[in-house]
Structure formats: C-alpha cells, structure tokens
Amino acid sequence: MTIVLILLLAIILALFIINHLLKRTWWYRNLFVDARKFTEGIPNNLQIVNLGSSQPKFAFDYQDTAWKGMNMALAPQPFLYDYRILKQYVSHLRKGAFVLIPVCPFKFFVYKYANDATNRKYYPFLQPENIEGYSRWKRCKILRFPVLMAGKRILKIVKDEKKDSRMDLENNPMNQEQRKADAKKWVNGWKKQFSLDDLNHINLSKKNQESIDKNIAIVKKILALCREKELRPVFILLPVTKELGSFFPDSYLAEYVIGNIERCKEEQEPVLNFFRDDQYSDARLYINSFFFNKKGRTRFTKELIKRLGEL
C-alpha cells in the first residue's frame, strides 16, 4: 500500500512538473497569441475598432495614427464571434465610433467551426455564455492544466515550436513562384473545405446556403447593435496580392461577397472594396499571398483612416 501511494504521489508530482513546463512552451503560449490584446486591458473611448478573422488580424494597426483604435480580429473567427466580442466590449467605444466589418472571400461560408479547439483562444477573456461548448472542465484544462489536453503535444516540452512572430515581419520572404504556390494552396484548401469545384460556377450545398443565411442574420445583429449604440459600421473588403486575387472571378465577388453584404444591409452602410486595389498589390507589403506585413498594415491603416474621415 505504501509503495502504491508513493508511486501515485510521484505520478502526480511528475504531472505538475510537466504541466508547468508545458505552459512555458511556445506551443501553449501561441494558442493565446491573439487573446493577449484582450487580457492586457481594453482601452476606453475607442474611436475605431475592427472585427474579423485571420486576414484582418494582419491588416490593421492603429498605433501610429491619430485615432484611438483596437484590432479585435482573431484567427480564425466567424461572424458569430465578431458579434459576441463587439457585444461584450461595446461599452469601450465612444459614440460615433467606426466599427469595421471585414468580409474575407469565404467569410459567409463559415457559421461555426466544427473543431472545438478553435474555441480555446476565447477562454482567457470571453464570458462563458459567449463561448461555444463552454464548460468549467474545459476551462480548467485549457487555462490551468494543459497537460490534460495536450496528448502527443506533451512532447513540445522536449521539442518546442517557434514563437508566432508573424506580426513582426516587415518583408515578404516569398518570391513570386512561392506566392503563386501559396495562393493556390489557399484556394484549394477553401474549395475542399466548402466542397466547391469551380469559383466561376458555384453550386451551393445545403450546408453552405444554411451558413450564408445564418451569417446574414448574425451580421444584421451586428448592424442593429451599432445602431443601438450610435456607432458607424463600415463593411470592408481587404486587398490581396495579384497572385491570390487572380483566382477570384468578378462574378464570385459580386455574388458571394458584395452580394451577401447587400443582403445584410438595412440602411446605407458604406462598403469599401480594396480587394483589387492596385496601390496594395505590391507583394512587398505582405508576408505571403494573403496577409499584410507590418509595413503593409501600417500604410493601409493610415490611408484607410483618411478615407473614413471623408465619409
């Protein structure tokens, strides 16, 4: 009995040590790289915020502008969480503040992500009722004892991954051929994810149509919240490199991006379309075929604010 007790205590001690080491890995810290801007404190009296997913995360930086703003995008993120985040933090926005609603090429095709792991990043800052599938047990595993959810990733304490420092990049490490390959990889991934064969001739599945309908309803809620709080919503299509933009026919953008935006609008909310804007097609402004680098988002944000000031 004594030996069993000693072994049990040794196992518990080992788990605590492994858990401590695991929380110090970049693998674990990278899970919450986007959450830190919320946990570090939300400024008050914000003049501008943006919602959004991966592309908007890399597209906005208000630090060197005259406007007090916050980039609220997380990667990845559907409209459902855009709404929940705005609703939770709307009190930090001043009356008349701009709320940018970025619409990426397939944003309307995703209502919820099936993989529950995508919800982990919200546990440090979102209220429990705003997190899909929330439970105290999940919260305990995610924030206190990741050793219980790590599985094979427990080996990260031996061979860790690199720090996610993509936000610090100021150049594009890809040459033209690599950008073409990267763009093709993105598009093929989206086609597979949404069961699409040809972007020139879309045959929507029942699931895709249901996602679009649900997202339109959610975006209408975002707009209603903005009206209630006297905020100024603006839809925005962000620019991409020529390599990526070439895969999208004008007909696709007109129907499944601009068209869906128009189906959401109940008033004359502005729509700013930079998708094929030549002044942002220079690959040196990106880190790949899709995301701005630090130079790109700094330039884009400054010029965008000038444009918003004219609305």
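Predicted model: local features only at pLDDT ≥ 70, side-chain atom pairs only at ≥ 80, totals over all residues.
**Notebook: helix α10 and its surroundings**

I started with what the buried residues of α10 pack against, and I found α8 (206-228), β4 (232-237) and β5 (271-273). Residues are numbered from 1 along each chain as its sequence is written, and side-chain values use heavy atoms, with hydrogens and water left out.

My labels come from DSSP runs numbered from the N terminus: helices are H or I with at least four residues, strands are E with at least two. "Buried" means under 20% relative accessible area, "exposed" over 50%, and "partly exposed" in between (1.4 Å probe, protein chains only).

**Helix α10**

I looked up its length next: α10 covers residues 250-264, so to speak 15 residues, and spans 20 Å from first C-alpha to last, close to the expected 21 Å. That expected span is 1.5 Å times one less than the number of residues. I also found a bend of about 35° at Ile258, taken as the angle between axes fitted to the seven residues ending there and the seven starting there. The buried residues of α10 include Tyr252, Leu253, Tyr256 and Val257.

**The core**

Which residues have the most contacts inside the largest nonpolar core? They are Phe248 and Tyr252, and this core has 71 residues. α8 gives the largest share, eight residues. A nonpolar core is a set of buried Ala, Val, Leu, Ile, Met, Phe, Trp, Tyr and Cys residues joined through side-chain atoms within 4.5 Å.

I then clicked on Tyr252: leaving out residues up to four places away in sequence, Tyr252 touches Pro105, Phe106, Phe109, Leu199, Ile202 and Val257. Contact here means heavy atoms within 4.5 Å.

**Strand β1**

Is β1 mostly covered or mostly open? It is mostly covered, with five of its five residues buried. I saw β1 run parallel to β3, joined by four bridges, and Leu46 has Leu93 as its bridge partner in β3. β1 also pairs with β2 (residues 69-71), again parallel, over three bridges; there Asn50 partners Asn71. Strands count as paired if DSSP finds at least two bridges between them.

**Leu21**

Last, I checked Leu21 in helix α1 (residues 2-23). Leu21 counts as partly exposed because its relative accessibility is 40%.
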